[in-house]
Amino acid sequence: MDDDKTKKMTSYKKTTINNHPLKPESMMMSYGYNPKFSEGSVKPPVFLTSTFVFDSAEDGEEFFHVTSGRKPRASTDDLGGLIYSRFNHPNVEIVEDRIAVLEGAESCVAFASGMGAISTVLLSLLRPGDNIVYSSPLYGGTEVLIRKMMPEFGVKTHCFTDGLDGDGMLEAMRAAAKDGPLKLVFIETPANPTNAMVDFEALLDAVDTIEKETGHRPVTACDNTMLGPQFQRAVPQGIDLSVYSVTKYLGGHSDLVAGAVCGSYDSLGPIRSLRGAMGFNLDPHTSWMISRSLETVTIRMERAADSGRKVAAWIDENPYIKAKLHHPEYKTHGNYQDVYKRQCTGPGSTFSFVVDAPKTDVFKFINALQLFKSAVSLGGSESLICHPASTTHSGVPDDARAAVGVTDGLVRLSIGLEHPDDLIADLDQAFRHAFGASQKDAA
Ligand SMILES: *Cc1c(COP(=O)(O)O)cnc(C)c1O
């Protein structure tokens, strides 16, 4: 009887049927939620409560010991019991369990935003005098946080711009390690808006070398928002922490803001503690919306990537103007294609292209679109268009922008779930309107 009860209580974390391992997409409908605890409700309720009743005073004491890390947890499933919604609550635990499954990581910690996740990683690992190495370009908010704000906390920053060049990455790490303890290597790959890549293997080789030379191994963290978890899993490829803006593909409907960090349970310990101390936890309602989004993330990302390929092919061959594509399957810089094939399983659906046209014509094109919406952000169900030089990257100095190719002729697309033929029809009429009598005909 007791055995039966235990079996039912743990069956909500099913990973296999007999010996058949379940695919992550099958686990998104059930993993981490036990209907027995909620009147048999097929879907989890939204637990709108700030605090949780302890069965006994002893339980309260035990939960605090485990949650604060003073006492080791009883099992890998044991997160220490529910205490207070700033530390934990059922809806966020469901989301964390499921994102960890998608990433192929042991554990996950969710946050109120992607920047909340990134700042907690930085603040949990870096102290005055420490050094960070980062890849450039990064998401604008991250670049400002690292470049401008971390030095105000006494942290020294060093960057590299070519993530395909292992020697260059090692040089940046050596320069940082000379300056004081190198604690963190933070990368974003592919990077927004050019889809520039960092080679995980080359990066980890450089980290191995630095560990041998200095006796200290920096933590590696990858912002995996652009392709993960469907087309790139960073943790199974050896990166310590995989960071997400859940606002993008995981949320997937442009209706919420959230973040997450995946990694081993132990590596997430300080990050989980700091989240509770700072008050960056994700709320129950948003968590519930994400648990709904995760049920469709695989089909959404697959479909959007297929449509993105069709749109990219049309842009490549369009009859109006020569357009250089920054789509992962069109880039030829160095060993880009080898790295792409080794560490990614698909191109995602966010990419950019560059036309040789004045900003007025590029704006004319954007304004003529009828189905694409002109907005920042990406990874939603609707297709978006963005002009990075005048919006997301307008705060980056001209020369730094030019160095990574963010020019007035660069336009970024996030392909959503509309029919690709309709998206192409929209691009066709807007290209004709803006670039109809252009140099491609003349050339
Ligand atoms: C949007 C984004 C972020 C920031 O996430 P928020 O959820 O907006 O805080 C970080 N990194 C990348 C790559 C992003 O696209």
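Colleague: In which helix is the place of Ala-403?

Modeller: This is a predicted model, and every value discussed here is computed from it. Ala-403 has its place in helix α14, which covers residues 398-403.

Colleague: Is Ala-403 buried or exposed?

Modeller: The general idea is a cut-off: over 50% relative accessible area means exposed, and under 20% means buried. Ala-403 has a relative accessibility of 66%, so this residue counts as exposed.

Colleague: Where does Val-101 lie, and why does Val-101 count as buried or exposed?

Modeller: Val-101 lies in helix α4. Val-101 counts as buried because the relative accessible area is 17%, and the cut-off for buried is under 20%. Leaving out residues up to four places away in sequence, Val-101 touches Pro-24, Met-27, Met-28, Tyr-31 and Arg-233.

Colleague: How should I read a nonpolar core, and which residues touch the most other members of the largest one?

Modeller: A core of this kind is a set of buried nonpolar residues joined through side-chain atoms. The largest nonpolar core has 38 residues, and those touching the most other members are Ile-99, Met-197, Val-246, Leu-250, Cys-262, Ile-290 and Leu-294. Elements that give two or more residues to this core include helices α4 (90-103) and α10 (284-294) and strands β3 (107-111) and β9 (259-263). The largest share, six residues, comes from α4.

Colleague: Which residues does Ile-290 touch?

Modeller: Not counting residues up to four places away in sequence, Ile-290 touches Val-95, Val-246, Leu-256, Ala-258 and Leu-282. Another core, of 29 residues, lies apart from the largest one; Ala-357, Phe-372, Ala-434 and Phe-435 are among its members.

Colleague: How many residues surround the ligand, and which are the closest?

Modeller: For a ligand, one begins with the surrounding shell and then turns to individual atom pairs. Here 13 residues surround the ligand, the closest being Met-115, Asp-223, Ser-245, Thr-247 and Lys-248. By class, this shell has five nonpolar, five polar and three charged residues. Helix α5 (residues 114-125) gives the most to the shell, with three residues.

Colleague: What is the distance from the ligand to the side chain of Asp-223, and to that of Lys-248?

Modeller: A nitrogen atom of the ligand is 2.7 Å from an N or O atom in the Asp-223 side chain. For Lys-248, an oxygen atom of the ligand is 2.7 Å from an N or O atom of the side chain. The backbone takes part in a further pair: a polar backbone atom of Gly-114 is 2.9 Å from an oxygen atom of the ligand. The ligand taken alone exposes 390 Å², of which the protein buries 92%.

Colleague: What should I look for in the backbone geometry?

Modeller: Most residues other than glycine have a negative phi, and most peptide bonds are trans. A cis peptide bond joins Asn-192 and Pro-193, with omega about 0°. Pro-193 has its place in the loop between β6 (182-188) and α8 (200-214). The peptide bond from Gly-228 to Pro-229 is also cis, with omega near -5°, and Pro-229 belongs to the loop between β7 (219-223) and β8 (241-245).

Colleague: What is the phi of Glu-39, and what is that of Asn-195?

Modeller: Phi of Glu-39 is near 60°, a positive value in a residue other than glycine. Asn-195 likewise has a positive phi, near 60°. Asn-195, in the loop between β6 and α8, is buried, with a relative accessible area of 2%.

Colleague: Which atom lies 2.7 Å from a polar atom of the Ser-85 side chain?

Modeller: That atom is the backbone oxygen of Thr-49. Ser-85 is found in the loop between α3 and α4 and counts as buried at 14% relative accessibility.

Notes
Residues are numbered from 1 along each chain as its sequence is written. This is a predicted model: local features need pLDDT of at least 70, side-chain atom pairs count only at pLDDT 80 or more; totals for chains, interfaces and linings use all residues. Side-chain values use heavy atoms; hydrogens and water are left out. A nonpolar core is a set of buried Ala, Val, Leu, Ile, Met, Phe, Trp, Tyr and Cys residues joined through side-chain atoms within 4.5 Å. Buried means under 20% relative accessible area, exposed over 50%, partly exposed in between (1.4 Å probe, protein chains only). Helices (H or I, at least four residues) and strands (E, at least two) are DSSP runs, numbered from the N terminus. Contact means heavy atoms within 4.5 Å. A residue is near a molecule or strand if one of its heavy atoms lies within 4 Å of it. A polar contact is a pair of N or O atoms within 3.5 Å; within protein, one must be able to donate a hydrogen and the other to accept it, and residues adjacent in sequence count only if both atoms are side-chain atoms. Accessible areas come from the Shrake-Rupley method with a 1.4 Å probe; for residues, only the protein chains shown count as cover. Ala, Val, Leu, Ile, Met, Phe, Trp, Tyr, Cys and Pro count as nonpolar, Asp, Glu, Lys and Arg as charged, and the others, Gly among them, as polar.
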